[in-house]
Amino acid sequence: ADAIVKGMLEHSKTGKGEKILTDINSLTNECLRLSYHGFLAKDKNFKVDFRTEFDPGLPKINVVPQDLSRVFINIINNAFQAFSTPQLPDGGETVPSVKVKTTVVKSPSGDLGVEISVSDNGPGIPDAIKNKIFQPFFTTKPPGEGTGLGLSLSYDIVKAHGGEIKVNSKFGEGTEFVINLPYI
């Protein structure tokens, strides 16, 4: 109940953070390492390869870094969580892996933006629940392990930044979350 109340309070917070020019490569790298070490602290045998593909030409953009950190940590935690129970679809030959990538992109209107993708080669998301994952209180985690507010909160934060978040997933092959943020 405590986790749900805290999550609801986070969800209802009005954005009071100040937007500042932020190095998205550095922010996502820090979140990736924090998330990984958090899983490692809980389980010394936690083994997932992770790598980054950062666009070196990525400009700094105006964002609320504390809010975007929540988004990145939520999504990266979910990617690592996909491997918390061993389930290798190909008989164990695939090494569990998470990749964080950044790129400069152009919107259909021609505006420039930043794209951040977090992908894993985990079990994927079944088609039957893909359209529910951004809804408040929806979770696939066992009772006591998740409130179902992480992705909903992430969705709201990205929208508040004028961006969008999408999920691409193939059940049994992996998941990719793609966040697009404008240069503002």
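**Exercise 1.** Is K99 buried or exposed, and what is its relative accessible area? Work this out in the predicted model, and then find the salt-bridge partner of K99.

*Solution.* Begin with the accessibility: K99 has a relative accessible area of 19%, and because buried means under 20%, K99 counts as buried. Turn next to its side chain, which meets that of E53 in a salt bridge with an N to O distance of 3.6 Å. This pair links distant parts of the chain, since K99 lies in strand 4 (residues 97-106) and E53 in strand 2 (residues 49-53), 46 residues apart.

**Exercise 2.** Which residues are linked with E53 in a network of salt bridges, and how accessible is E53?

*Solution.* Besides its pairing with K99, the side chain of E53 meets that of R51 in a salt bridge of 2.7 Å, N to O. Taken together, R51, E53 and K99 are linked in a network of salt bridges. As for accessibility, E53 stands at 31% and counts as partly exposed, while R51, with a relative accessible area of 44%, is partly exposed.

**Exercise 3.** Which helix holds both K130 and D127, and how many residues apart are they?

*Solution.* Locate the two residues in helix 4 (residues 127-130), where they are 3 residues apart and therefore separated by about one helical turn. Then compare the accessibilities: K130 is partly exposed at 22%, whereas D127 is exposed at 61%. To close the subject, the count for the model comes to 4 salt bridges.

**Exercise 4.** At what angle do helix 2 and helix 3 pack, and which classes of residue make up their contact?

*Solution.* Helix 2 (residues 24-42) and helix 3 (residues 65-81) pack at about 45 degrees, with their axes 9 Å apart. That angle makes helix 2 oblique to helix 3, and the crossing of the two is right-handed. Among the residues making the contact are L27, C31 and F39 of helix 2 and L68, F72 and I76 of helix 3. By class, the contact has 13 nonpolar, 5 polar and no charged residues.

**Exercise 5.** Which residues of helix 5 are buried, and which residue just after helix 5 takes a positive phi?

*Solution.* Within helix 5 (residues 150-160), the buried residues are L151, S152, L153, S154, I157 and V158. Just after helix 5 comes G162, which takes a positive phi of about 80 degrees.

How values were computed:
Residues numbered from 1 in each chain as written. Predicted model: local features only at pLDDT ≥ 70, side-chain atom pairs only at ≥ 80, totals over all residues. Heavy atoms only, no water. Buried < 20%, exposed > 50% of the residue type's maximum accessible area, 1.4 Å probe, protein only. Helix = DSSP H or I, 4+ residues; strand = E, 2+ residues; numbered from the N terminus. Axes fitted to C-alpha atoms, helices over the stretch in contact; angles between N-to-C directions. Parallel < 35°, antiparallel > 145°, perpendicular 65-115°, else oblique. Left-handed = near helix turned anticlockwise from the far one by under 90°. Contact = heavy atoms within 4.5 Å. Nonpolar A, V, L, I, M, F, W, Y, C, P; charged D, E, K, R; others polar.
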